[in-house]
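User: I would like to learn how to read the features of a fold. Can you take me through some of them, one at a time?

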Amino acid sequence: MRFISSTRIFSGKEFLANNTVLVLNEKGVITDITGADKVESSHIEHFEGIICPGFINTHCHLELSHLKGAVKQHTGIVDFGLNIIKHRNDLPADIQLEHMHKANKEMIAQGIVAVGDISNTAQSLAVKQSSSLHYHTFVELIALNPERAQMVFDAGKTILAEFETAGQSASLAPHAPYSASLELIQLISNHCYHIKKPTSIHNQESRAENEFFETAGGDYLRLYNTLNIPIDYFKPTYKSSLQTVLPAFKKEINTLLVHNTFTGQKDLEMAQQSKQHLYWCLCPNANLYIENTLPDIALLNSFNCTFTLGTDSLASNHQLSMIEEINTILSREPGISIECLLQAATYNGARFLGLENQFGLLEKNRKPGLNLMEGSAGNYTVRKLA
């Protein structure tokens with residue numbers, strides 16, 4: 001048995017009382033949470049810092065791990081996307097797989113215990129099957145043309161079946177409002193409802209995304225022109241992208257809105273009125289890498305948005321580290337509390353993925369992983385204790 005205490009212990013929802021001791025068995029399962037006065041002092045391992053549950057990375061792209069450093073910073077989302085398409089298959093499949101294995105190990109070392117991972121193929125399946133991390137794979141579908149919705153949906157279900165047959169948790173997800181028709185989103189959302197799984201969508205990652213829906217113009221026209229994809233059928237909705245697509249999602253399913261860099265007050269008012277099960281994923285280091293800007297986190301927080309955190313991919317980040325996402329927010333948004341961010345990185349992420357009975361909380365009879373955060377706000381480091 002191990003008896004562990006620290007300067008502060010965060011349960012996943014709140015800081016526990018001073019002098020709390022966590023009792024762990026040899027398998028890392030919490031068998032008791034008690035007071036220091038109930039344990040022989042010589043048995044207690046005391047650490048300076050904050051102990052919290054293992055981190056839940058709700059947004060990652062493991063498939064893009066081989067593209068670290070391949071795309072310059074601050075290009076904007078359109079040129080970033082074009083570069084991803086251009087360089088995605090520069091390396092052979094076996095080398096890509098090696099990079100995925102390396103990224104998986106990096107996340108384990110960074111105290112991550114579960115990942116919501118975006119996949120366009122089943123290429124990452126071998127990594128996930130051999131990993132100690134719990135993966136939920138979002139099979140990402142792309143088709144802005146409504147006439148292609150059913151065909152793309154059916155192809156996505158074939159990939160999904162590969163993950164399910166291998167015993168992996170998985171569901172379908174639309175890529176983004178500018179690349180998935182309302183018809184495709186509805187098909188995906190209905191399917192997730194029937195299999196009782198969450199879904200995810202990149203949301204308002206650039207100013208151009210809102211412009212595309214409000215005017216049918218802007219930089220996304222350059223994207224489709226460069227790719228030689230006609231979009232004559234697309235008409236402006238005169239509303240933001242989120243206001244356009246949100247009604248296509250079923251209210252009953254957990255829906256992750258990722259990035260939210262250009263989400264405004266009217267968007268938040270609509271989202272609040274919708275009564276949907278929305279989770280707002282912050283990926284600050286990726287936002288800085290691509291657009292060199294951050295969401296209005298204070299505004300999102302004022303609407304009591306349920307935050308989660310994600311690392312995005314190594315194509316858009318320097319590392320896959322939840323603690324570095326927390327550091328970035330703390331150093332740039334001093335009004336956001338450490339409690340808020342730790343809950344986003346632990347319990348909220350677990351709840352979004354439907355893993356709240358397994359991860360995200362320090363409670364008896366759980367094995368949530370145990371992280372120790374050392375240092376000070378904005379400069380934390382993390383190491384695994386269990």
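**Reading the features**

Analyst: Start with a cysteine. C281 is buried, with a relative accessible area of 0%. Keep in mind that this is a predicted model.

User: How far is the sulfur of C281 from the closest cysteine sulfur?

Analyst: The test is a distance: a disulfide needs two cysteine sulfur atoms within 2.5 Å. For C281 the closest cysteine sulfur belongs to C283, at 3.8 Å, so the gap is too far for a bond. C340 is in no disulfide either; its nearest cysteine sulfur, in C305, lies 9.9 Å away.

User: How many disulfides does the rule give?

Analyst: The count is 0.

User: Next, helix pairs. What describes two packed helices?

Analyst: Two values do: the angle between the axes and the distance between them. Take helix 12 (residues 322-332) and helix 13 (residues 338-353). They pack at about 150°, and their axes are 11 Å apart. An angle over 145 degrees counts as roughly antiparallel, so helix 12 is roughly antiparallel to helix 13. The crossing of helix 12 past helix 13 is right-handed.

User: Which residues meet between helix 12 and helix 13?

Analyst: Helix 12 brings M322, I326, I329 and L330. Helix 13 brings I338, L341, L342 and A345.

User: How many bridges join strand 7 to strand 8?

Analyst: There are 6 between strand 7 (residues 134-141) and strand 8, which run parallel. One detail to find: L141 has P174 of strand 8 as its bridge partner.

User: Last, a single residue. Is L22 buried or exposed?

Analyst: Check the accessible area, then the contacts. L22 sits in strand 2 (residues 20-24). It is buried, with a relative accessible area of 0%. Leaving aside residues up to four places away in sequence, L22 touches R2, F3, I4, I9, D32, I33, I51, L362 and L370.

Key:
Residues numbered from 1 in each chain as written. Predicted model: local features only at pLDDT ≥ 70, side-chain atom pairs only at ≥ 80, totals over all residues. Heavy atoms only, no water. Pairing = 2+ DSSP bridges. Helix = DSSP H or I, 4+ residues; strand = E, 2+ residues; numbered from the N terminus. Buried < 20%, exposed > 50% of the residue type's maximum accessible area, 1.4 Å probe, protein only. Axes fitted to C-alpha atoms, helices over the stretch in contact; angles between N-to-C directions. Parallel < 35°, antiparallel > 145°, perpendicular 65-115°, else oblique. Left-handed = near helix turned anticlockwise from the far one by under 90°. Contact = heavy atoms within 4.5 Å.
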